[in-house]
Each structure stands twice: as structure tokens, then as C-alpha cells.
Amino acid sequence: MTAPHSQPDAGVNADPLAPYDAVLLCNYGGPDGPGAVLPFMRNATNGRGIPDERLMEVATHYENYGGVSPIIARTNELMGALQNQLRTLGSQVPIYLGNRNWHPFFADTLRALVHAGHRRILMLPTAAYASYSGCRQYREDVWAARQKLIDEGVVGAEELTVERAPLYYDDPGFIAANAQAVERAIDELKQQGHKKPHLLFVTHSIPMGMQAATENVGRDYASQHLEHIEALLNQLGGAQDLEWELSYCSRSGPPQAKWLEPDVNDSIERLASEGVKSVVVAPIGFIQDHMEVVHDLDTEAAETAAECGIGFARAATAGVDEKFISGLAALLVGRAARARAGADPDLTGHAWHDEPTKCCLPRPGATPQPAISQADLGQPQSPKSTESTVSHSASKENAMTTESAHPHAHGGHPGHPGHGGGHPGHGGGHPGHPGHGAHPTGHEDGPADPRDHEVDYQEVNAKEHFFLHAVFTDTRDLQTQREQREGASDLAKEIEEAIAATGTQVRGFYNVEGFKAGADFMVWFYADSADKVQAAYRALRTSKLGQYLKPVWNAMSAHIPAEFDASHLPACLAGAAPRRWLAVYPFVRTLDWYYLNPNRRRAMLREHGMNGRDYLDVKVSTLAAFALGDYEWTLSLEADTLDRVMGVLRKQRAVEARVYTRIDTPFYTGERMELEDWLRR
């Protein structure tokens, strides 16, 4: 899966991440609830033959966190910070998350990328150092996920190209963030009277075979850490007076297996026996507070230090430190510049790391498995494109419909906080103007779609917008149906002109027959006043067709500026073109929802939104309905295929915000059709 060795210059106004159209953040993953802990542990130890009894011993580490790994929240923070930094640099390229051991798995994320129209992806693992588990295994995972989609027949999967971003253990931003964290930990101990703490740098242990494999290319796993430490110490004032060493944590496997040592706890005990009075434990091998940090260091290592009677301070991980995030963003932008210049896609900026037959093997002499960005492994080559080329099967555009959409329209991320309710599905798209801030749920823009267009959110919010979803039963007898089928063209034109005369637009006519008894036909009206919508409804009802349409369900709604982000709009106003399929339903929040602390609501809605980020292609409109009928909100989901509408709702069944919903039915779902086609069906 190598890219062409030459790319046209993107130009001064191009996205700085071009030719890449998405970033894939590769992560280890972690359980997201008590029921997920054991399945996650089984995934993480797959093939090692570890019995469940042993896994359950390790699973107890998650009990203090409600069965939820801290890696989930920390990764969401990282994605949000990095996405914001890329926006600051002028990039609209979205970031997707893929996990090795828990949802969203790589295959699910690649499927979402393909459906959203992405084709050339820049991959960024959350492991800063090169080793099999931190580098090549991620590349193999992504390759296998891509092949799985191809085997399933997913259209576009073969066109998917994934290229690895450079290593960043030696990135100045990462070094600076860790140096600052160590300095703060030193100051913490000094305030407790410990004048000269011992620096204990810690990283994740790996098997000796894996370490030996990294030695084959001249920059082994341990040496990378020593290089990082040396650069870090150069930024510490008075560091030359401090003793330091590198130790390890989180080894696993049978006791007889050889892993890198010494263990951090053994180091603390030895240092205490040597008269050391305090230690700064600096987890430089981790970029975030994973379970290995909060349990192995904050709990076990801290307890060991307390038992030994020595002072203990744990330095922070880089996390979302501004210097670290800026460094990562610059790393991605630099990689994109190399791609535009025609650099070999195997080259990452570390020559010793780019040898595909040697680098990052699980053990010396192991046979390299197929992996992305490895031209020498003989994988099938796929065509590349710097544009999104997703194929859509959209229905014909209605002549009266003027909405078409903004190129970065959002997909369905249930739980947009801005529309007050934020049930499944937030608004539809970002206006795409300079300085637009990040969406509070952490979601970002979807890929450009030629059907969509940009809008100015301030102009939209300055006007009134009213909508009506009207569902009918078709009571025509067979003779009337035949007659109207024969005159379908004239009848459709008559109805459309009558509606247009009221100043009302129709986003779509929908065939809903068969989905539920008693519903055959649905219309989605839109105007800048409620009385115009009423007039359009009346024009339809008094037409030759409307005389036979018996009302089943009506839902009037309106747009109000989003609660947490006024720039975030429902898809139907954000420039998103109508899609082939529509599902609409109302919802009502529980009475206590609005009494919750706003930060609490925001947190739940962020989780809701992040949970739906695999469905950026679904266009979502959350509209206010309180006082206009029996509901608080009306939610519309539009997509090119029905499975995508179903998928985003299935994805949201278990999020916490749903607990605060007391009504979320009825559903009306159907295919968008020209009125003439509906009459002729």
C-alpha cells in the first residue's frame, strides 16, 4: 500500500495535511464498562493461553475505575487537543480512532473511513517508541483490518491507503513536555524537604526477544529511551547533580519468560537499601495516563516507596501538554509535506526504522507479516487519490429543494449538546469559516462532499426556520391510483407549484409504506415562518392527491441556536444535501435532565458524540419542538444507505445520556423520492 512517488504541489491554499484526507490514531484500547473488562483482557492476551482466572486477577485493577480504563478519557482529550491544533494550522482533516483490543476496532474504524469517503490515511500510533507491539503490530493490525473489509466486499476498501507518521520519541515537543513534568515533580519533593531526589525513568517492559529484534537495526527500544532521557536532562536545570536510571513496568506472561528489567518496584527497593531518600518516577514511555501508569505507578510503585520509607512523586505524562500537541501536529504536517514532495511512503524520518524486512519484528529472524507502508512485503498495490471518491446512490434532487450542503457537513453523532436535548444525533455541519472552534463533543468535520456547500452560521442563526414532518396513510382506491399514476407528471407539478407558491420548500417526499402499518407517505416541509408551513400543508391536503391522504403523525419544529456552540447547525441548515434515506423521530428529556450541572450534561453529551464518530456520513438535524407539539425535540437522520441510519442509532443504545430520555418514539423511516416517482410506483 504505497503511495505514488510524486504528488502535485498542494498549493498555498491547500489543507496542510494534503494529500491525506484523514488521520487514524492507533491505540491499544481499554474496557468501557465492567462487562467489557474480561472480554478486553481476552483480546489483549489472545493466543497466549492465559486462563480466565489469571485474567480476572489483573481485571481487578479496573475495579477502582468502575471497569472503565482511563485510556478512554485520555485518548478523547488527546484527539480533541490535536484536532484543535490542526484546525489552528488551517487543516480540516478529521481524526479517527482505531483500537487494537476494544471498540472501536480497526476494522470498524476503517469501515467508517471508507463510508465517509476517505481514501488516503495518515496513521499515528499512540506509542512514541519503535518496537513490535508499538509499531509494526499496529501496521499489521491495520493491514488485516483493511483486508477484512476487502474480503467482505466493502466498496472502496481496496482504494484505502494508510501511511505511517514518523516516530516521535525524539520530538522536541515530547521531550520538552516530559522535562517540564519531571521538573515539577522534583519541585514537589523539594517542597517536602527532599533536596536531591533520584530520577527513575519508567517505560513499558517488552520481551527480550522483541528487544533483540530492535537491536538488529541499530536503534533498539531501550536505546531510544536513553536518547530521550539524555535530551530531557539537557533541559533540566541542575540535572547534572541528580542520579538517574531507566526501569520498566507492566511485564506480563509466564515467570520464566525474559523481559526487560529492572522492574520499577525492584528499583525502588534497591535504591532505598542504598540510602536514597526520595524518587521521582517519570513515565516517559507513555504519552498518557494508561492503566499501566495509574495502577502500576500511582498505586503499586507508590505503595512500594511508602513501605520503603522514601519520598515519592510521579511526574505527569505528556497528555495534552501544549508543547507535545504542537509537536505532534507539526509532525503530521511535515509528513504531509514529504508526501506532496513525492517522498517514498516507507520513509518516516528515521532511516534505521524504515527497513521493512528488519525493523520492529517480534523477535530476531521472524518472517515479516503484511503491514501497511511496507512496499517490500509484496502486498497488492491499490490506486491512490488525494480526493474523497466515495460512491453514493442518492436519489434525484427535488426541483423545489434548494438545500444542498456544506462540504464538511457532520454525520450522525448522537448527543449534540447544542440543541438542548442532544439525544442521538447532533447538528449537521460546521460552517467552514476561519476561526471556527471545535465542536464541544469532540467531533470534527466530515469529508468534503460535492453535493454539499458552505453556509455562514451567524446568518442562519439570525433568521427564523420552521419545519414540519407530516406522515399520511394513502386511502386511494385502486382505480384512483391508476388514474393518478397515468397523470403523475401533471399532478406532481401541480402540487409542487402550489407548495412553492406559499414560500415553502420541500426537503423531500418519502416513501414510508411497509415500515409500519398505516403509514405510506411523508413530507418534510421547511419555511421561514410557521404560517407558510401551514399553508403548504394545506396546499397538499387540498390537492387531488391530498384529498386521499389521511394524517397519521405531524411534528412541527424550529431551529434555535445551539446551547454550547452556536456555530453548530442541524444538517438541513448547515448546507448538507438531502440523502436517499430519512429516519425521523421525536424525543423528550426526563424532568431532571435540565437540573443537572451544565458540565455534567456536557460530559455525557461529549461521550454521546464521541460514540457516534464512526458515522460522519450520516447527516443529522436536531430541531426544537417544545410548545409546537407534544415533544421537546425532533431528530432527523439522513444517509445514503439505510444500514448507516440503523448503525448510528444502534451505536448509541448504551450511552449514559440515553438514561435521561423518557420518550424517543415514534419512528418514521423511508426512501426519498420525486413526487412523480412516488405517484408512479
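Analyst: Two strands count as paired if DSSP finds at least two bridges between them. In this predicted model, strand β7 (residues 278-282) is joined to β8 by four bridges, and the two strands run parallel. Val281 stands opposite Arg314 in β8.

These two strands belong to an open sheet of four strands, in the order β6-β5-β7-β8, with parallel pairing. At its edges are β6 (244-249) and β8 (311-314), each of which pairs on one side only. On average, neighbouring strands of the sheet are turned by 25 degrees against each other, direction ignored. Helix α9 (residues 264-273) packs on the sheet and touches β5 (198-204), β6, β7 and β8. The direction of α9 makes about 140 degrees with that of β6.

The loop between β6 and α9 holds two residues worth noting for their backbone geometry. Most residues other than glycine have a negative phi, and most peptide bonds are trans. Ser250, which is found in this loop, has a phi near 65 degrees, a positive value in a residue other than glycine. With a relative accessible area of 15%, Ser250 is under the 20% cut-off and is therefore buried. Pro262 is found in the loop between β6 and α9 as well, and a cis peptide bond joins Glu261 to Pro262, with omega about 10 degrees.

His103 and Pro104 are joined by a cis peptide bond with omega about -5 degrees; Pro104 is found in the loop between β2 (95-99) and α4 (106-115). Ala627 is not a glycine but has a positive phi of about 80 degrees, and is found in the loop between β14 (619-624) and β15 (633-639). Is Ala627 buried or exposed? Its relative accessibility is 71%, over the 50% cut-off, so Ala627 counts as exposed.

Next, the packing of nonpolar side chains. The largest nonpolar core has 65 residues, and those with the most contacts inside it are Leu82, Val182, Leu199, Phe201, Leu232, Phe324 and Leu332. Helix α6 (residues 172-191) supplies the largest share of this core, nine residues. Leaving aside neighbours within four places in sequence, Leu232 is in contact with Ile175, Asn178, Ala179, Val182, Phe201 and Ile284. Another core lies apart from the largest one; it has 27 residues, among them Phe472, Ile495, Tyr537 and Ala558.

Nine of the nine residues of β9 (residues 466-474) are buried, so the strand is largely enclosed by the rest of the structure.

Which strands does β9 pair with? β9 pairs with strand β11 (residues 521-527) in the antiparallel sense over seven bridges, and Ala470 stands opposite Val523 in β11. Nine bridges join β9 to strand β12 (residues 549-558), also running antiparallel, and here Asp474 stands opposite Leu549.

Technical notes: Residues numbered from 1 in each chain as written. Predicted model: local features only at pLDDT ≥ 70, side-chain atom pairs only at ≥ 80, totals over all residues. Heavy atoms only, no water. Axes fitted to C-alpha atoms, helices over the stretch in contact; angles between N-to-C directions. Contact = heavy atoms within 4.5 Å. Buried < 20%, exposed > 50% of the residue type's maximum accessible area, 1.4 Å probe, protein only. Core = buried A, V, L, I, M, F, W, Y, C linked by side-chain atoms within 4.5 Å.
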